[in-house]
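Here is a model to look over together. Take a moment with it before reading on.

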Amino acid sequence: MAIWGTGVVLLGVLALAGAVFITARSLPSYEGLKSTQTGQTIVVRASDGSEIVTLGPSYGRWIADERIPYVMKQAIVSVEDRRFRDHWGVDPVGIVRSVWVRMQSGRWRQGGSTITQQLARNVFLNNSRTIDRKVREALLAMALENKFTKAQILELYLNKVYFGGGAYGIDSAARKFFGHGGDQLSLAEAAIIAGLVKAPSNYSPTADAAAAIGRAHVVVQTMQDAGALTPAEAAAVDLEGVKLAQEQGQNSARYFTDWVLPQLDLLLPENDQPIEIWTTLDPVAQQAATAAIIANVPKGSQGALVSVDRDGAVLAMVGGTDYVTSNYNRAVNAVRQPGSAWKLFVYLAALEAGYTPDNRVVDEPVTINGWSPRNSGGTFAGPIDVRTAFAYSKNTVAAQLGNEVGFSAVAGMARRFGISTPINTLPSMVLGTSDVRVIDMVRAFAEVQAKGMAIAPYGIRKITSVEGEVLYSHRADAPQQLVPPDVAAGITDLLQTAVSTGTGRAAQIGRPVAGKTGTTSSNKDGWFLGFSSGITTGVWMGRDDARAVPGLQGGTAPARAFAAYMTVATAKRPVEAFQTELKLPQWQLEPNDENMQSNPDDYFYVDPDGKIVDPGAQRRPGPDGPPPGEQGMPVPEGPPAANNEFLNQATGQ
C-alpha cells in the first residue's frame, strides 16, 4: 500500500507538473498580459479637449515595479497574501487556515486565494464559485508562478486589480480617489487603496468615506501584525487627514453625455475598443448655463436649457437643477406645452401666406368654432400691425391668423421646422396646446436664425481610438431651405421687436436679440427661446408634476436665465445685426413694383394680330431715319379698354 500510495502521489505530481508546464507555455507573454483589458473604456471630451467623464473601466498609466511605492506593496501583501513570497501560486497553509475558520464560525470568513490566484481570476476567469473554476484558477496560478517572477506577478496584480468606481490598477485608483498618480501614494493612501480589494463597492471613499477609513485602520493593524510596520509607525498613520479628490462627472454635463452616448449604437455599432468622443460641449458655456438655471429657477421647480451654435453644434445642455438627485433629462425627454412660444409657427405660416410685419390686423374679441381666446390682462388694442400683435403676444390675433391660413398649415409649418411630437389641429393649437421638447423648439428657432435653412442639433464632432485614429467625423446634411428668405427675415423682425419692446424685454443683453416668451395656463410652464450672434438658446422652467408655479411667466425667470447665459456665451463674439429687410421673390412683386425696379425698354407687348411690339420703338428712329415731323415709328393701337359697365357685370357688382 505504501508503494502504491507513493506511486499514485508521484504520478499525480508528475501530471500536475506537466499540466502546469503546458499551461505556462500557453500563457501570453508578459507584455501581452500588460496590454489585456477588461471591457470598453470611453473618454468623453469637451470642445476644448478637456475630459468631461470617463465611462467603463479606467486603467490609468502602467507603473513599473521599481516605481510602485514600497508602502503600497507592503500594504497589499499584508492584507491579501501575507505568505506571497513563500508559496508557489497556491498556499496550502492559507487554505487550511480558511477551512479551520470556516469550521469554527460556520461560514466562510477568510479566503484562501493568493495574490497570484486573484490575478489569474481577474485576467483569465470569472467570479463564479464552482469547483471547476477553482481548479482552473489554481492551475493558472501555478503556471504564472512558473513563468514569471514574484516582482512581475505583483506588478501585474497592482496594475490590474479592481479597486471600485471603474478603476483598475493603483494609478487609476489613486487618480480617482486622491487626484494624483499611483507612484506618489503615501502610507495612509496605500492603506485605503489596499482595503478596497475585499469589497470595492462597500469601501469606496467616494461612496462612504467613513467605511473606507475604518477599513484602512484594519489594513494598518494587519501591516503591524505582519511586521511591515512598527507600532510607532502604525500609530503615526493619519488616515482621517487624507484629502480625497472631489468626485468628477456628477454634474450638469452628465445630462449632455447621457444624450450623446446612446448615439454610439448608430455611429459605431460594432466597436468594442477603447475610444475617445470629442464633443461640441463648451465648458465655459456649460458652466454659465448651469449657473443661470440654478440662480433663476423658482423654488421647488425644475429648469432646462439647450444652446446650439449656428451649425447645430450643442454648446450647452442642462436637463435639471441637479444631476445627482435627478438624472432625468428635461431638455430632451420631457414634453411640455410651449404656450405663446408656439406662435412662431403661426406667424411663419401667415408670413408665408403673404402677410408682412406692417400689415394691419385687429385685436378684438373673436370666436372660432365655439372657442373664444382671451388676451393676457383681458384687454383689446383694436387696429394694430402684425409686428405689434406678435411683440405683445395678442392671442386673438394669433387665433385669427391661424384660422385664416388654416390650422393644418400651422401644424405643417411646425413639422417642417422639426417638431417631432404629436400636433393637434384644434383652434386652440395656435396658443401652444401641443406638447413639445425643449431641444425641438430650440432647433426651430435656430432654423429661423439660419435664414430659414434646416439645422440638425448634434453633439459629437468626431470619435477616435486611443491612438488618435479617426473612426467617425460629423458631416453636415445637405442644405435645405424650409421657408423663403423673406419669410425668415419677417419673423426675425417680429422676434426682435418682441425682445426690444414686447414681452421679452428681460432677455436683452446689450446686443441684438430676437426671441419669444411662452407661458401656459395657470403658470405651469415658462419659456424663453431666442438667438443672438449665431447662438440659439431655449429655456424652460416648471414643476415635474405640472402644478402651477406662482409668478412664473416666460418673460420673467426664463428670460432672465436666458440673458444671464447669453451674456457669457456671446461675450467673445462680434455683434451681429439681423437681416429683417423683406426682399420679396420675383413672383410676389406687384406690376407697379416691377416697373419701379426695371427698365421699361425691357418689356414687350403683343398687338391684336399677335405680333410682338417693342414699346421702346416709339422713342427710337426707324431704319430709314425718323419720318418728317415725327420722333419715331408709330405705335400700333391695341383693342379698346373694357368699360365700367362690362367690369361691373363681370365681377357681379
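What follows is a short tour of a helix pair, a sheet and the nonpolar cores.

## Before we start

This is a predicted model, where local features need pLDDT of at least 70, side-chain atom pairs count only at pLDDT 80 or more, and totals for chains, interfaces and linings use all residues. Residues are numbered from 1 along each chain as its sequence is written, and side-chain values use heavy atoms, with hydrogens and water left out.

Let's begin with helix α3 (residues 70-80) and helix α9 (residues 187-194), which pack at an angle of about 35° with their axes 9 Å apart. Helices here are DSSP runs of H or I with at least four residues, strands are runs of E with at least two, and both are numbered from the N terminus. Axes are lines fitted to C-alpha atoms, for helices over the stretch in contact, and angles run from 0 to 180 degrees between N-to-C directions.

Who touches whom? On the α3 side there are V71, M72, A75, I76, V79 and E80, and they meet L187, A190, I193 and A194 in α9; contact means heavy atoms within 4.5 Å. By class, that contact has nine nonpolar residues, no polar ones and one charged (Ala, Val, Leu, Ile, Met, Phe, Trp, Tyr, Cys and Pro count as nonpolar, Asp, Glu, Lys and Arg as charged, and the others, Gly among them, as polar).

## A closer look at I76

I76 lies in helix α3. Is I76 buried or exposed? I76 is buried, with a relative accessible area of 0% (buried means under 20%, exposed over 50%, partly exposed in between, using a 1.4 Å probe and protein chains only). Beyond its neighbours within four places in sequence, I76 is in contact with residues including I115, L154, Y157 and V197. The C-alpha atoms of I76 and M223 are separated by 9.1 Å, though the two are 147 residues apart along the chain.

## The sheet

Five strands make an open, mixed sheet in the order β2-β1-β5-β10-β11; two strands pair if DSSP finds at least two bridges between them. At the edges stand β2 (51-55) and β11 (470-473), each with a single partner strand, so one side of each has no neighbour in the sheet. β10 (residues 460-465) and β11 run antiparallel, joined by three bridges, and T464 stands opposite V470 in β11.

## The cores

The largest nonpolar core has 81 residues, and W342, F345, Y347 and I491 have the most contacts inside it. Such a core is a set of buried Ala, Val, Leu, Ile, Met, Phe, Trp, Tyr and Cys residues joined through side-chain atoms within 4.5 Å. Apart from that core lies another, of 53 residues, among them A188, I193, L239 and V242.
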